[in-house]
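Here is a note for a colleague who is opening this structure for the first time. The points below may be read beside the sequence and the coordinates.

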Amino acid sequence: MPHTTRRTGPLLALLALAQFISAIDYNIVYVALPEIGREVGFSAQTLQWVVSAYAVAFGGFLLLGGRAADLLGRRRMFALALTLYGVSSLAGALAGTPGLLVAARAVQGLGGALLLPATLSLINTTFAEGAARNKAMAVWGGAGAVGLALGSLLGGVLTSGFGWEAVFYVNVPLALGLAAATFGVVTPDPPRTAGRGFDLLGATTATVGFTALVFGIVQGPELGWASPVPLAGILGGIALVGLFLLVEGKSNHPLMPLHLLRNRSLVSAMGITFIFMGTFGAQYYFFTVYLQNVHGFSALQTGLAFLPSALMGMVGTKTSEKLLGRFGMRPTLLTGLLLGSAGMTLLAAAMSPTGGYPELLPGVALLSLGQGIAWTAMFVAAGTGVDPAHQGIASAMASTTQQVGGAVGLAILIAVASMSTTGTTGAALVPGLRVAGGVAAAIALLGAGIALTIRQSGARTAVDESRVTTTV
């Protein structure tokens, strides 16, 4: 059961800072890509792998990371993840060839895949369901919202002042410092429970399957969906994920206990995280393209343009805490998703070849407010009613659908934008960007539909369902 400790304040600060670092890194590399391409020697076709290597490894290893947190210890995996993050960031800064930099980014993605489920399971096993957990999730979510928005600004400042290497160097002292602090802040892991085995076949099929699936989706827009490489990745990934589910049904010690799929709150959260990342998450890409490619914003100006998003995201996470306590998960999720959908619609409508930045602010404000509200609530839903022994894998399940949804959503929206674009630069991009924003707003409404399936008494129901089977 969740426990209380005198060190919950420092613990929550540590977990929030880890999320802040991870969120910053999501955007910080984007603004440095042109300089990385020139100085490291990437071609136009291979430069995307500076971003994609992270996404593929992150999405592929999440389930393994979640189960490792449950079996090997949350503190151990949290510290290991941060260490991997710090060391791989140093390797990335020192990389002199494209291959070495892509490899470093893949290890960063592995660190992220270990870090996220360990962080969420530490929150869910430390803070009891209800007000305490909602508040902790709001702090954690707020740190992520600020990190996402500040990533572009920090990337612009560092790249302009110190070169592309600085966007990697900045992670080194932060990640390694938090890894060292872990052992003084986080309660030691208990001894491993006897008889809890590790599902090697399940781990292999899940990791290879989801890695192949994300790889195929990421490569699709670049190479064409009918090309052998993305097609093989997608079809092979789907086949291996199907095999993984068959393996889990027969395993005595499954990587992902299938009885967790009877927890309605968790399953609904998985659907919502999929749609959320494919719509809300894609807006960072399209907003950056609009500012830089249509209106010629510099990296620093683009980063500054994201500051209102950071502020409204913080307001959203705090609002989510209050809404969760007063109205519950379903109304809170609906509020966040509907506000976000309205914000995407306004933002798309405000995009024009001659429009100014102030005209974008109403859409940015609504989108970011809804994003903060929904982000906190959907991860509260993912952990509701889940036994402490399964919190790591439950968090990883919701995070895996989030990452796959992000890859699928961005690929779909880029394809939609391309079909409506009359050229490759400047004003010619605007029609495609507007259509992509409208489609994203419509898809976000599907997330609101999924939120309606969460029972208002979801916490009690989910607890009952999660206790049907307790074998690990």
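**Notes on the predicted model**

1. Leu304 lies in helix 13, which spans residues 299–305; helices here (H or I, at least four residues) and strands (E, at least two) are DSSP runs, numbered from the N terminus. This is a predicted model, in which local features need pLDDT of at least 70 and side-chain atom pairs count only at pLDDT 80 or more, while totals for chains, interfaces and linings use all residues. Residues are numbered from 1 along each chain as its sequence is written, and side-chain values use heavy atoms, with hydrogens and water left out.

2. Leu304 is partly exposed, with a relative accessible area of 45%, on a scale where buried means under 20% relative accessible area, exposed means over 50%, and partly exposed lies in between (1.4 Å probe, protein chains only). Together with Val157, Leu300 and Leu307, Leu304 forms a nonpolar patch on the surface, and the four have about 290 Å² of accessible area together. Patches are made of residues with over 30% relative accessible area and no salt bridge, like charges being joined within 9 Å and nonpolar side chains (Val, Leu, Ile, Met, Phe, Trp, Tyr) within 5 Å. Accessible areas come from the Shrake-Rupley method with a 1.4 Å probe, and for residues only the protein chains shown count as cover.

3. As for the overall fold, the protein chain has 19 helices and zero strands. Its radius of gyration is 21 Å, close to the 23 Å that the globule rule gives for 472 residues, so the chain is as compact as a globular protein of that length; this radius is taken over C-alpha atoms, and the rule is 2.2 Å times the number of residues to the power 0.38. The C-alpha atoms fill a box of roughly 60 × 50 × 45 Å, taken along the principal axes.

4. Buried residues make up 58% of the 472 residues in the protein chain, and the accessible surface of the chain comes to about 17,700 Å², of which 70% belongs to carbon and sulfur atoms. Of the contacts (heavy atoms within 4.5 Å) with a separation of 6 or more, 84% are accounted for by residues 24 or more positions apart.

5. Which residues have the most contacts inside the largest nonpolar core? They are Leu63, Phe78 and Leu360, in a core of 111 residues, where a nonpolar core is a set of buried Ala, Val, Leu, Ile, Met, Phe, Trp, Tyr and Cys residues joined through side-chain atoms within 4.5 Å. Not counting residues up to four places away in sequence, Leu360 touches Phe287, Tyr290, Leu291, Leu347, Ala350 and Met351. A second, separate core has 18 residues, among them Ala32, Val40, Phe42 and Trp164.

6. A search of the whole structure finds five salt bridges, each a side-chain nitrogen of Lys or Arg within 4 Å of a carboxyl oxygen of Asp or Glu. Arg67, Asp70 and Arg74 are linked in a network of such bridges; within it, the side chains of Asp70 and Arg74 meet at 3.4 Å, N to O, and both of these residues are buried.

7. Arg133 forms a salt bridge with Glu129, the closest N and O atoms being 3.9 Å apart; Arg133 counts as buried at 3% relative accessibility, whereas Glu129 is partly exposed at 33%. Lys318 and Glu321 meet in a salt bridge at 3.1 Å, N to O, and they are separated by about one helical turn because they are three residues apart in helix 14 (residues 307–327). Lys318 is partly exposed at 41% relative accessibility, while Glu321 is buried at 16%.

8. Helix 10 (residues 228–250) contains Gly249, which is exposed with a relative accessible area of 53%. Pro230 is also found in helix 10, but Pro230 counts as buried, at 0% relative accessibility. Leaving aside neighbours within four places in sequence, Pro230 is in contact with Gly216, Gln219, Gly220, Leu223 and Gly224.

9. Ser395 lies in helix 17 (residues 391–419) and counts as buried at 4% relative accessibility. Not counting residues up to four places away in sequence, Ser395 touches Pro117, Leu120, Ser121 and Asn124.
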